[in-house]
Amino acid sequence: MKFFEIFEIKPSFKICQNNLKKKFLELQKKYHPDNYASASDHEKTLALLNSSMINDGFEILKDDLKRAEYLLKCNKIEQNNRTNPEFLIKQMEYEDYLEENAHHLNKIEMLHKEIVQILECEIEKLAILFNQKNLVEASNKMNELIFLSKFKTKLKHRMHQII
Amino acid sequence: MALLQISEPGKSTEPHQRRLSIGIDLGTTNSLVASVISGMPTIISDGEHRLIPSKVLYQKNDVLVGHDIPEHKNIISSIKRYLGKKLKDIDTHALPFKIDKEREDIFIQTQQGLKNPVEISSEILKKLKQIATERFQDDIFGAVITVPAYFDEGQRQATKDAAQLAGINVLRLINEPTAAALAYGLDTKKEGVYAIYDLGGGTFDISILRFSKGVFEVLSTNGDASLGGDDFDQIIKHEIIKQNSLIHLNSEDHEKLNNIAKMIKEKLTKNDHLSEQFNFKNHNLSVSISSKTFENLTINLIDKTVQCVKNALFDADLNVTDIDGVVMVGGSTRMPVIQKYIRQFFKQSLLNDLNPDEVVALGAARQAQALSGQSDDDTLLLDVTPLSLGIETMGDLVEKIIPRNSTIPIAKAQEFTTYKDGQTMMKIHVVQGEREKVSENRSLAEFILKDIPPLPAGAAKVRVIFQVDADSMLTVSAEELTTGNKTKVEVKPSYGIDDKSIRKMLEDSFMNANMDKEFRSLAEIVVEANQIIELTEKAVTEDGHLLDENENHVIQKSLLDLKKQINLNDPQKIKEAIDKLNNASTSFAEKRMDHSVQSALSGKNINNIDY
């Protein structure tokens, strides 16, 4: 939970992004190596380590999925690598659809919108599971979410390439 | 609180003595030096010129730089294009100088023998330092040097080495677009998202920055390391060659035509149509070109920059409409055709009231001032890695460890395993770039991790740690975890010139030895010593209970010894005493850390951090 401690945020899935960002800037203003450019080598090293850790923590806490994975890891919940077969089929359908319509901007945009909506909805569900302290169930959801998130990025890249 | 304890920056010392800091824009075509004078970033001229051409001439007994060079044919120019590169990285046809083609690294033939781009760049840096020293009649404490955001590790390391060779204490390397944003930040401290469009003589950079709550965050950066104003000159040159049917041109002719082309380009910024007569090899030639023709001929080049802008916006997850301001940097942005297209693309007027040639150096001066602890300005700069960093895995594939546009400094660890039974060695090949295949990326360093215990395939665990510091410089280390037997190797990316050669170049340079002494002068080391004494005494007062009798004794003795040495005025002895005290108090610093963190993070050794 060290990242939550660093950012003085109560460890939970739902966090206030504004608070996180504010705290991040505050911490970097204090610990960034630029503040120690003419300090001793020892202090420079400490600043480098602190600042790296703050950046790493911010990267993890600001992202819903990374934060979820981090919470699960901190609670020693083993990541389950099974994906339910129904979703596996859905996954393949999405990939096929993208391949078939690789040059149809409209269709990819529609699919992108759909995925964004599904992802939002699933993250809400994940938040409920975390709230109920049902970490095993939350962990079971992660594979689907990670796929959806990666697929969303893939669609965005494809849209960018077409434009 | 799980962070390491450090004293508040800038508050641990007595008020500093005057520390002169400079900002250096080491450009492909021109270089500048600036400093904050009476609170204002100011370009320092050599008495006559503010821009110093990045040109070097080696003569038998001396080296001339910039305006000191008379008309001459063996001038080395645009050396920045070759800095940090190997011979195989560059196009050896049509080089403006003679190189030794037998070697892997770039060596240029000069009157003083073979010289590499680091040495040549250091001559330009020496000149800039000299201009500043003469202006202030005082030593320079340190410098911020700017590099294109798109410079890779090798090019950054080469820039640092050149500075070291010139006897310059590098406070920080910062990206040119970021420096430009800092220069503008002086008067327009409006919160918002800015695009910095930087088209110089030889490179193009685009950065997207957000300024909020006193912090400049670089959101993304993109660019083309071999696209610049020179390419626009080439297009005009080819037009001259075409219109006059010129043939059989040698390199001297090309150089002359380049200059004519550049002049025409500059005149075209003020005229819609140009008919120019000039003398070439005793012939009267003419060329006629309109700004419309120029636009048609260069549209591909402009498109290339716009494509980079689109990529940068995409990486920052932003649309054109999210941009609150567009800052124009680099002399080439004076071209009306560039301004027209960029204005159209961003649908807004451009920020170009500072001189585009000077804005980078001005920003660097401001940052140098802040880094030397001499300014009350508390703007912080959070920069990003321009390119992804990773290592080679099976099948010529790259595993990215630090993705591009990660905020720096950053450290990441990843575990790898063996693929053969009984494998005892592993090759760690560090690469930089966005492509999936190793061979298509830039190779930075390669080393072998030995003494892995012979285990079945997949059983051994090797952790590779990448640490990128605030200069965007990478350090890689690897350790074998299975046996607890830690084998550590640290590499700094090379660019063809190894550490040994750098050291030798340093030793060879007698001048440097003197300069080195200059900036590590007695006064400075005493400041450092006092700072450390104060820090240590404060720590002992606060947390002395963490020390056992023996540790306490060693620290007290080292303190006493250092205080004694300060009065004896021998910088070398003081340095030794500082090192002794630092060593004695390292474990104390570790003890002072929060215990919950201690397991995850012990001491100053990055290899022990659990990421």
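In the predicted model, the interface between the two chains involves 35 residues of chain B, which are in contact with 29 residues of chain A. On the chain B side, the elements that contribute two or more residues are the strands β10 (170-175), β17 (380-382) and β20 (410-416), together with the helices α11 (522-543) and α14 (595-598). Classified by residue type, this side of chain B comprises 21 nonpolar, eight polar and six charged residues.

Within chain B, helix α3 spans residues 176-185 and includes G185(B). This glycine has 21 C-beta neighbours inside 10 Å and therefore counts as buried, the threshold for that class being 20 or more. When neighbours within four places in sequence are set aside, the contacts of G185(B) are F211(B), F216(B) and T379(B). R172(B) lies 13 residues from G185(B) along the chain, and the C-alpha atoms of the two residues are separated by 19 Å.

A helix pair is formed in chain B by α4 (residues 229-243) and α5 (residues 251-268), whose axes come within 8 Å and cross at roughly 110 degrees. Since angles of 65 to 115 degrees are assigned to this class, α4(B) and α5(B) are therefore described as roughly perpendicular to each other. The contact draws on F232(B), D233(B), I236(B), K237(B) and I240(B) from α4(B). These residues meet L257(B), N258(B), I260(B), A261(B), K262(B), I264(B) and K265(B) of α5(B). By class, seven nonpolar, one polar and four charged residues make up the contact of α4(B) with α5(B).

Chain B also contains an open sheet of four strands, arranged in the order β19-β18-β21-β22 with antiparallel pairing. From one strand to the next, the twist averages 30 degrees. In general, the strands of a sheet pair through backbone hydrogen bonds, in either a parallel or an antiparallel manner. Strand β18 of chain B, residues 389-393, runs antiparallel to β19(B) and is joined to it by five bridges. Across this pairing, E392(B) has V398(B) in β19(B) as its bridge partner.

Note on methods: Residues are numbered from 1 along each chain as its sequence is written. Chains are lettered from A and ligands numbered from 1 in the order in which they are written. This is a predicted model: local features need pLDDT of at least 70, side-chain atom pairs count only at pLDDT 80 or more; totals for chains, interfaces and linings use all residues. Axes are lines fitted to C-alpha atoms, for helices over the stretch in contact, and angles run from 0 to 180 degrees between N-to-C directions. Angles under 35 degrees count as roughly parallel, over 145 as roughly antiparallel, 65 to 115 as roughly perpendicular and the rest as oblique. Two residues are in contact if their C-beta atoms, placed from the backbone, lie within 7 Å. Ala, Val, Leu, Ile, Met, Phe, Trp, Tyr, Cys and Pro count as nonpolar, Asp, Glu, Lys and Arg as charged, and the others, Gly among them, as polar. Two strands pair if DSSP finds at least two bridges between them. A residue is buried if 20 or more other C-beta atoms lie within 10 Å of its own, exposed if 12 or fewer, and partly exposed in between; C-beta atoms are placed from the backbone.
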